[in-house]
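Subject: Structure handover and what was found in it

Dear colleague,

Please find the structure below, together with its sequence.

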Amino acid sequence: MKKFTKHNLATTPEKSLPSLEAAAQAFGFIPNLLGYMSESPFLLNGYLHLFNQIEHTDLTPLEQQVVMMTLNRYHECRYCMADHTQMAEMQGLDMKVINAIRDDGPLQDPKLATLRAFTLKMAEQRGVVSQTLVDAFFNAGYSQQNALEVIAAIAMKVMSNYTNHLAGTEIDGASMSKRWSPITER
């Protein structure tokens, strides 16, 4: 099997260079995920655009992490789970919630539990969900905008999670101490 190329600033395709330079400046290094993604400027730029837009959703930072970590767990993405655990800690988010998602445990907050259930069913069932689930999502206080934001987050996580699986992305940076493995392997 051919290994995927993890690019750096000297080897990346020209159309990926501006995005990779911006990422290196923002993070202080080039995350391995972005090094692999840069082989395709289309993938890299699309992913970074969505990644940079997630903070502009109507979802709180904690809700954003609930969505992204739920998808990381569902896709069994070790790299992104470690990375989002690190980001959640840096944002000062509730580690009980973060650990419950990592371990597939119950969420005590009913609104967050509904968000996680909605996100998971949207991914599992490829957007074909029951009206009962949609009604529960709205009754929990979420909006149509939030439902559509979950779809955008799913698209973003497919880009990163699938790239990590295909390339075998190695965990890097501060996320190394946040390693995670799927429950099926524990």
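A residue is called buried when its relative accessible area is under 20%, exposed when that value is over 50%, and partly exposed in between. Please keep in mind throughout that this is a predicted model.

Salt bridges

Side chains of opposite charge can pair when their charged atoms come close. The structure holds six salt bridges, and I describe some of them here.

One of them joins D104 and R73, whose closest N and O atoms are 3.4 Å apart. This pair links distant parts of the chain, since D104 sits in the loop between α6 (95–102) and α7 (110–124), while R73 belongs to helix α4 (residues 61–75), 31 residues apart. The two partners also fall into separate accessibility classes: D104, with a relative accessible area of 41%, is partly exposed because that value lies between the two cut-offs, whereas R73, at 16% relative accessibility, counts as buried because that value is under 20%.

Another salt bridge is formed by E185 and R78, and here the closest N and O atoms are 2.3 Å apart. E185 lies in the segment after α9 and R78 in helix α5 (residues 78–90), so this pair ties together parts that are 107 residues apart in sequence. E185 counts as partly exposed at 48% relative accessibility, and R78 is likewise partly exposed, with a relative accessible area of 35%.

A further salt bridge connects E170 with K6, with 3.5 Å between the closest N and O atoms. Since E170 lies in the segment after α9 (144–167) and K6 in the segment before α1 (17–27), the pair ties together parts that are 164 residues apart in sequence. E170 is partly exposed, with a relative accessible area of 34%, and K6 is partly exposed as well, at 39%.

Helix packing

How do α4 and α6 pack, that is, at what angle and with their axes how far apart? The angle is about 20°, and the axes are 9 Å apart. Angles under 35 degrees count as roughly parallel, and α4 and α6 are therefore roughly parallel to each other.

Definitions and conventions
Residues are numbered from 1 along each chain as its sequence is written. This is a predicted model: local features need pLDDT of at least 70, side-chain atom pairs count only at pLDDT 80 or more; totals for chains, interfaces and linings use all residues. Side-chain values use heavy atoms; hydrogens and water are left out. A salt bridge is a side-chain nitrogen of Lys or Arg within 4 Å of a carboxyl oxygen of Asp or Glu. Helices (H or I, at least four residues) and strands (E, at least two) are DSSP runs, numbered from the N terminus. Buried means under 20% relative accessible area, exposed over 50%, partly exposed in between (1.4 Å probe, protein chains only). Axes are lines fitted to C-alpha atoms, for helices over the stretch in contact, and angles run from 0 to 180 degrees between N-to-C directions. Angles under 35 degrees count as roughly parallel, over 145 as roughly antiparallel, 65 to 115 as roughly perpendicular and the rest as oblique.
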